[in-house]
Structure formats: C-alpha cells, structure tokens
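Thank you all for coming; I would like to take a few minutes to walk through one model with you. Please have the sequence and the coordinates open as I speak.

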Amino acid sequence: MGTGSYLLQKKSARRRYPQSVRQLPLFLILCAACTPSTPPPVPLDADAFNAEAAWEHLMHQVDLGPRNAGSKALKETRTWIEGELTELGLEPIREEFQADTPLGVFNMANIYADFHSDVAPAGEADVIVIAAHFDTKTLTFRFVGANDGASGVAALLEIARVITSQGPRPMTYRFLFLDGEEAMRNTWVDPDNTYGSRHHIKNLSLVRGASQIRACVLLDLVADADFQLTRDSFSQKPLLEIFYAAARADGLGDHVDGPPIPIKDDHIPFMQAGIPSCDLIDFSYGEYNQHWHKASDLPSNCSEATLGIIGRIVLLGLPRVEQEYAAR
Ligand SMILES: [Zn+2]
C-alpha cells in the first residue's frame with residue numbers, strides 16, 4: 001500500500017467512526033501505526049577519531065617490513081594487534097588454523113575481540129563485524145603494503161578505540177583482523193585467497209555469539225592519498241548506501257560512490273554465509289591503480305587525512321547499521 005491510499009483509508013475510517021462502533025478497532029490500529037516506535041540511533045562521536053594515531057599504526061606495520069605468509073614480521077604483527085586490543089580493555093582471541101595453499105601449508109591466525117553490547121547478555125546480542133586483513137602479498141620484490149594491508153588495520157584499531165571509549169552500544173562489536181587474504185599465487189584464482197575469512201566463517205558455529213552476526217563491514221585499501229571508495233557491486237547495496245549517505249551528509253560525498261567494480265575480498269565468505277556485508281575499498285590506488293601490489297605501495301602514496309576520512313565515514317554510518325540490521 002502506498003502513502004496516498006493509506007491516507008485515504010485513514011480519512012474514511014475517521015468519517016465512518018460515529019456511524020458504527022465496529023469501525024473503532026480499525027481506527028485505533030491506524031492511529032497506532034502513526035506513532036513512530038523506533039528511537040533515533042545513538043550517535044558515535046566521529047570527531048574522536050584520531051587520524052594521527054591511525055597513521056602511526058600504519059607506519060608501525062610498514063616498519064615491521066613485508067608481512068607475507070610465513071614471515072617473522074607477520075607473527076610480530078599478530079602480537080602487536082593483540083597488544084593494542086588489550087590496551088583498549090578488550091580480550092583478543094587468536095584463531096589459529098593451517099592453510100593449505102599452492103605454495104605449501106602455512107600456519108595462520110586471525111585475531112578478534114568482542115566489545116559487548118549492554119542490551120543483552122554476551123553471546124545473545126546482535127553483532128556487527130568490522131574487519132580488515134593484516135597480511136601482505138608474497139611478491140618477488142620488497143612489498144610493505146602501506147595501503148594494501150596496513151591501512152585497514154590502522155583505521156580499524158582507531159575505530160575500535162573510539163567505539164570502546166564511548167561505552168557499550170545496542171549491538172556487540174567484533175573487531176576482526178584477518179590473516180591470509182592475499183592469494184599465494186600471483187593471480188587470484190579460487191580457492192587460493194581469503195584463507196582467514198573463510199576459516200572464520202567455517203568456525204562460526206564454534207564461536208560464541210557468532211549466529212547473531214547481522215552485518216560485516218570490511219575495510220581495505222583505505223589510505224590512498226587520492227581517495228574515493230569504489231562502488232563494489234558484490235557488496236550488499238543498502239549496507240553500502242548507509243555509509244555513502246553518512247559521507248554525503250558530512251560533506252564527504254566526493255570520497256564515495258566511485259566507479260562500480262565487482263571486488264572479491266574478505267567480505268565474500270560472509271556474503272556467502274548469508275551475512276549482509278560491504279567492502280569499503282578504494283580500488284584505484286594512484287592513477288589506474290598503478291600502486292596496487294607494486295613496490296610503490298608506500299606511505300608516500302598514502303595520506304593521514306584519508307585515514308581520518310574513512311574513520312569518520314565508518315563511525316557516522318555505524319549507528320544506522322545498528323538500527324537497520326537489528327534482529328526483528
Ligand atoms: Zn592485496
């Protein structure tokens with residue numbers, strides 16, 4: 001029923017009311033429908049996102065060196081992420097697994113921590129996952145992945161700090177740091193990719209609270225100095241639109257709604273598991289994506305200001321996600 005016919009029915013019910021008490025229940029039902037029952041979302045203070053702190057997180061990972069599968073720097077990255085989460089008062093969980101790849105079997109481990117909602121007991125609340133991968137691609141040259149790897153983790157750690165500092169939310173937040181996103185071979189051929197996210201999904205039935213995951217927001221390549229989010233056509237459109245709308249309302253409209261491209265990334269296993277997901281990614285890193293998987297994926301082609309922009313967009317959009325994706 002459209003808005004026009006609804007008003008017509010309401011008017012005629014009102015007119016008929018004095019003639020017949022049998023119309024009373026219908027009239028009351030219609031009036032009850034006029035009262036909005038959903039309270040406005042509880043905002044997050046996006047101004048609290050510290051782009052300088054996020055930039056330091058990016059630089060720290062770059063300074064560790066290439067963080068490809070099997071590397072010492074990758075192990076150090078895991079330990080460092082756990083330390084950062086612990087400092088926020090969270091209890092990081094290490095999700096270890098073995099990945100059978102075309103280059104052999106590798107020990108991998110995702111790291112995640114839950115910030116529990118205050119509206120339901122732990123394990124019963126709705127959950128939003130915010131995810132980023134921390135591994136870098138194995139390449140024949142020195143590749144430190146300032147944007148492809150470090151940027152998502154940097155933004156996610158600072159987002160986690162802001163969310164946890166502002167008190168419990170209507171939903172539980174899972175901050176999920178994923179291993180093994182990159183294909184071991186040069187080209188992306190399934191199933192040689194997304195080892196960590198596929199493992200997390202496979203393990204969901206064993207993870208407490210997992211069946212309450214309502215949405216997954218993935219951050220990847222979010223520090224390009226020339227920043228515009230690609231419209232990933234695999235992402236769930238309404239979820240993507242929440243963040244685009246938040247950006248436009250905040251004067252950041254130029255940084256969203258880029259060219260539509262179907263992007264395979266860590267959100268795909270979530271989508272395949274029936275969890276609405278979106279990939280916030282700028283898949284045009286430099287002119288014609290010239291720095292992607294190249295030695296030039298360096299801090300000099302990234303920007304602290306961009307980390308500030310993606311931080312704002314995510315924090316401004318999340319309250320609407322809490323509202324729109326809550327279990328009905
Ligand atoms: Zn990559």
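This is a predicted model: local features need pLDDT of at least 70, side-chain atom pairs count only at pLDDT 80 or more; totals for chains, interfaces and linings use all residues.

Residues are numbered from 1 along each chain as its sequence is written.

The protein chain has nine helices and eight strands, where helices (H or I, at least four residues) and strands (E, at least two) are DSSP runs numbered from the N terminus. Of its 328 residues, 45% count as buried; a residue is called buried if 20 or more other C-beta atoms lie within 10 Å of its own, exposed if 12 or fewer, and partly exposed in between, with C-beta atoms placed from the backbone. Two residues are in contact if their C-beta atoms, again placed from the backbone, lie within 7 Å, and among contacts between residues at least 6 apart in sequence, 79% join residues at least 24 apart.

Now to the sheet. It is an open sheet of six strands in the order β1-β2-β4-β3-β5-β8, with mixed pairing, and two strands are taken to pair if DSSP finds at least two bridges between them. Which strands stand at the edges? They are β1 (93–101) and β8 (277–281), each with a single partner strand, so one side of each is left without a neighbour in the sheet. The twist averages 20° from one strand to the next, with axes being lines fitted to C-alpha atoms, for helices over the stretch in contact, and angles running from 0 to 180 degrees between N-to-C directions.

Within that order, β2 (residues 104–115) and β4 (residues 172–178) are antiparallel and share five bridges, and Phe-115 has Tyr-173 of β4 opposite. Helix α4 packs on the sheet and touches both β2 and β4, its direction making about 5° with that of β2.

Strand β3 (residues 127–133) runs parallel to β5 and is joined to it by five bridges, with Ala-215 in β5 as the bridge partner of Ile-128. The pairing of β5 with β8 is likewise parallel, over five bridges, and there Cys-278 in β8 is the bridge partner of Val-217.

Turning to the helices, α3 (residues 51–64) has 14 residues that should span 20 Å at 1.5 Å a residue, and its end C-alpha atoms are 20 Å apart, which agrees; the expected span is 1.5 Å times one less than the number of residues. Its buried residues are Ala-51, Ala-54, Trp-55, His-57, Leu-58, Gln-61 and Val-62. They cover an arc of only 155° around the axis, which puts them on the same side of α3, the arc being that of the directions from the helix axis to the C-beta atoms. On the other side, Glu-52 and Asp-63 are exposed. What do the buried residues of α3 pack against? Their partners are α4 (72–87), α5 (146–165) and α9 (304–324).

Helix α6 (residues 195–202) also has seven of its eight residues buried, so it is largely enclosed by the rest of the structure. The elements covering those residues include β1, β2, β3, β4 and α8 (267–272).

As for nonpolar cores, meaning sets of buried Ala, Val, Leu, Ile, Met, Phe, Trp, Tyr and Cys residues joined through C-beta atoms within 7 Å, the largest has 78 residues, and those with the most contacts inside it are Leu-58, Ile-128, Ile-130, Leu-156, Leu-280 and Leu-307. Helix α5 gives the most to this core, with 11 residues. A second, separate core of six residues includes Leu-74, Phe-106, Met-108 and Tyr-195.

Finally, two individual residues. Glu-124, in the loop between β2 and β3, is partly exposed, with 13 other C-beta atoms within 10 Å. Thr-79, in helix α4, is exposed, with 11 other C-beta atoms within 10 Å.
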